[in-house]
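Hello,

Please find the structure we discussed below. My notes on it follow.

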Amino acid sequence: MRRADFKRQVVAEYHAGETLHALARRHDLSRNLIRIWVEKAEAGALDEDGAAAEMLTAYEARIAALERLVGRQALEIGFLKGAVRSGPSRKSAPTSVTSGPAASRSGGDAN
C-alpha cells in the first residue's frame, strides 16, 4: 500500500468514528500525527503531499540513472586515457635501440 493511500485509510477510519487513541495504538502512530493528517485531508492538502512524494520518487530515480551514466562515462574516459598513453609509437621515431639517430655530416666537404 502506498503511503498516501495509508494516510487516507487512517483518516477515513477517523471519520468513520474511530478514536485517535484507538487508531494510534492499532497503526503504531502518534495521535498528533493522525491529527495532522486529518487536518491536511480536510484542507485538501493530503493529496498534495502524495503528489510531492511521487515527484520526489521520480526525481530520485532520475538522479540514480544520471549517476549510473556519469559512472560509465568516467570509466570510458579512464579507459581512453590509458589507451592514448599506451598507444602505438610515432612512425618517425627509431624502432630499434641499436640503430640510434641518423649520422649527421660534419663540416668537412663543401662542394
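**Confidence**

Within the chain, confidence is highest in helix 2, at a mean of 94, and lowest in helix 4, at 87. These figures are pLDDT, the predictor's confidence in each residue, from 0 to 100; helices are DSSP runs (H or I, at least four residues), numbered from the N terminus. The chain as a whole has a mean pLDDT of 82, with 77% of its residues at 70 or more. Where pLDDT is low, the predicted coordinates should not be read in detail.

This is a predicted model, in which local features need pLDDT of at least 70 and side-chain atom pairs count only at pLDDT 80 or more, while totals for chains, interfaces and linings use all residues. Residues are numbered from 1 along each chain as its sequence is written, and side-chain values use heavy atoms, with hydrogens and water left out.

**Salt bridges**

The whole structure contains three salt bridges (a side-chain nitrogen of Lys or Arg within 4 Å of a carboxyl oxygen of Asp or Glu). Two of them share Arg 26, in a network that links Glu 13, Glu 18 and Arg 26.

Arg 26 pairs with Glu 13, with 2.7 Å between the closest N and O atoms. Because Arg 26 lies in helix 2 and Glu 13 in helix 1, this pair ties together parts that are 13 residues apart in sequence. Arg 26 also meets Glu 18, at 3.6 Å from N to O. Glu 13 is buried, at 18% relative accessible area (buried is under 20%, exposed over 50%, partly exposed in between; 1.4 Å probe, protein chains only). Glu 18 is partly exposed at 30%, and so is Arg 26 at 47%.

The remaining bridge joins Arg 8 and Asp 5, with the closest N and O atoms 2.9 Å apart. The two are three residues apart in helix 1 (residues 3-15), so about one helical turn separates them. Both count as partly exposed, Arg 8 at 33% and Asp 5 at 32%.

**Surface and backbone**

Met 55, Tyr 59 and Ile 63 form a nonpolar surface patch with about 330 Å² of accessible area together. Patches take residues with over 30% relative accessible area and no salt bridge, joining like charges within 9 Å and nonpolar side chains (Val, Leu, Ile, Met, Phe, Trp, Tyr) within 5 Å; areas come from the Shrake-Rupley method with a 1.4 Å probe, and for residues only the protein chains shown count as cover. Ile 63 belongs to helix 4 (residues 46-85) and is partly exposed at 46%.

Asp 28 sits in the loop between helix 2 (20-27) and helix 3 (31-43). Its phi is near 55°, a positive value in a residue other than glycine. Asp 28 is exposed, at 71%.

Regards
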